[in-house]
Amino acid sequence: MSDRASDILRSSKVPRAEKAIIDIPPSSIRNVIRAAGGVSAMAITGQLILVATIPVLTRLYSPTDFGVFTIYLSIVNMLGAVAALRFEPSLYGVKDTGQTYVTAKLILLAVFATGVLTFLVGQVFLSAAPAQLRHLVWLVPIGMSGAALVETMNCWALRAGMMRNFAIGRLILPATMAVLQLAFGFARFGGGAMVYAHILSQFAFLAFIGLQILSWEDLRGVVRAPWRSVFDKAKREYKFPLFDIPATLGSYAINNLPAILVGSFFGAAFAGYLGVATRLVTGPIVLIATPLSNVFVAESNKSSDRGHMLGVARGLLMLAAGLSALPILALGLAAPYLVVPLLGKAWIPTAQIMTALAFMGAVQALSTPLSEVPSLLRRQEVRLVVDAARMVLVFGPLLAGAKAGWVPIDVIYLMAVGGMVGFAIKTAASLYLLKRDIEPAQVTLSSPYPIARKQHDEAPVE
């Protein structure tokens, strides 16, 4: 790989002066492929480990155990996505180190406040929760806070150009959870052990990535950041909580709330079937499409030229189609022949669900690389409208089918069709913004590799 093509893959240990003078040429599809491959290699390995353990986990845990874990994970994914009040993406547009510390302190304040609030709400409704889910009331606030901090560290790493550290972290998170779930399963710790493994994997990720990308100077900078600057930052970035929270809740609800609703309508075991099917079908999305989204963010931070961003977007869509969407369709069609040998006879309904979800997953794979376009262009209101439409398309058929008394598989097929249309709308909206948005993108940073580390000769923190 040439020096220029591998610039995006450089470690955080590259000297600051060298980073400031790197001459990055306009991206070509070849460079994008190389960058995507290098950045996502370890993330792909981690997800492969996670997927490879499923045949063993389905023999160590019952469908009900998977159902409880799926419900917990769905709740944590939705609440964790907004636990920091969506201030994490604002790190992308920060132009100096002092404001990076201010933003980080604002995020920590938001995570603490929402975590405490969630715990208190859980205590109020504890008696109304099903007996098998009551132990989740105190685990959900921990899981959601951990998810928010994980996302914050990912944004920090991308903001600072530390792509290699970011990719290693993407390996640690799923691999640690998979290994712990296997260990707890062989030790017969019970179905709740799947939840504990998830939380412990978050701590492992935060410990590793924190040691890699943060210094004591960074920690002192965050602690010393003036509270007045923190509150001023919150006022300036009001669009993130105002528009991103409902939009993000809608987006995450589309991916996670169906499992909760299916569990309530048809039982925890069926939620487990859906959870395993979703994990298998979305594997190529996590392996390929999500890292492509990270590449798009990094490429956009290099240049705000709209032609550059649109060219990268088109290249990534081509990659997502060939490397993610088509494999998902193939997996869905082959599911009836694969599930019993891999998972066992108890998981036969999973095959039908995988076939239903494959069509929605293929379109989702195309949408994922461009998912950050509204945030990068500060057009959160567009994202809100699009995700509101997607919620209607997904939950309308799901609720209507359940109320009409249809069988679960038919309900899921109907939901998948609505989701497929919704993701197509989301992709079209992102491309429209890149083509038609009049204002220039506000993502240009001070250098191709902005560093979130304060030099001794820099001005004091505001």
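Q: Which residues form the nonpolar patch on the surface?
A: Phe112, Val116, Phe119, Leu120, Trp138, Ile142, Tyr196, Leu200 and Phe203 form the patch, and together they have about 870 Å² of accessible area. Accessible areas come from the Shrake-Rupley method with a 1.4 Å probe, and for residues only the protein chains shown count as cover. The model is predicted, so local features need pLDDT of at least 70 and side-chain atom pairs count only at pLDDT 80 or more, while totals for chains, interfaces and linings use all residues. Residues are numbered from 1 along each chain as its sequence is written, and side-chain values use heavy atoms, with hydrogens and water left out.

Q: What makes a set of residues a patch?
A: Its members have over 30% relative accessible area and no salt bridge; like charges are joined within 9 Å, and nonpolar side chains (Val, Leu, Ile, Met, Phe, Trp, Tyr) within 5 Å. Leu120, one of the patch residues, has 49% relative accessibility. Tyr196, also in the patch, has 35%.

Q: Which helices each supply at least two residues of the nonpolar patch?
A: They are α5 (97-124), α6 (136-159) and α8 (193-213). The most comes from α5, which gives 4 residues. Helices (H or I, at least four residues) and strands (E, at least two) are DSSP runs, numbered from the N terminus.

Q: Why is Leu120 called partly exposed?
A: Buried means under 20% relative accessible area, exposed over 50%, and partly exposed in between (1.4 Å probe, protein chains only). Leu120, in helix α5, has 49% relative accessibility and therefore counts as partly exposed.

Q: Where is Tyr196, and what class does its accessibility give?
A: Tyr196 is in helix α8. At 35% relative accessibility, Tyr196 counts as partly exposed. The C-alpha atoms of Tyr196 and Phe184 are 9.2 Å apart in space, and the two residues are 12 apart in sequence.

Q: How do α6 and α8 pack?
A: Their angle is about 30 degrees and their axes are 10 Å apart. That makes α6 roughly parallel to α8, because angles under 35 degrees count as roughly parallel, over 145 as roughly antiparallel, 65 to 115 as roughly perpendicular and the rest as oblique. Axes are lines fitted to C-alpha atoms, for helices over the stretch in contact, and angles run from 0 to 180 degrees between N-to-C directions.

Q: What is the handedness of the crossing of α6 and α8?
A: The crossing of α6 and α8 is left-handed. A crossing has this hand if the near helix is turned anticlockwise from the far one by less than a right angle, and is right-handed if clockwise.

Q: What are the angle and hand of the α4 and α6 pair?
A: α4 and α6 pack at about 50 degrees, with axes 8 Å apart. That makes α4 oblique to α6. Their crossing is right-handed.

Q: Why does Asn154 count as buried?
A: Asn154, in helix α6, has 11% relative accessibility and so counts as buried. Its C-alpha atom is separated by 9.0 Å from that of Glu88, 66 residues away along the chain.

Q: How many salt bridges does a search of the whole structure find?
A: The search finds 1. The side chains of Asp387 and Arg390 meet in a salt bridge at 2.5 Å, N to O. Asp387 and Arg390 are both buried.

Q: What is the phi of Leu85, and what is that of Arg188?
A: Leu85 is not a glycine, yet has a positive phi of about 60 degrees. Arg188, also not a glycine, has a positive phi of about 60 degrees. Leu85 is in the loop between α4 (63-82) and α5, and Arg188 in the loop between α7 (163-186) and α8. With 29% relative accessibility Leu85 is partly exposed, whereas Arg188, with 61%, is exposed.

Q: Is Lys426 buried or exposed?
A: Lys426, in helix α18 (residues 408-436), has a relative accessible area of 13% and is therefore buried. Lys426 and Val363 are 63 residues apart in sequence and 9.8 Å apart in space, C-alpha to C-alpha.

How values were computed. A salt bridge is a side-chain nitrogen of Lys or Arg within 4 Å of a carboxyl oxygen of Asp or Glu.
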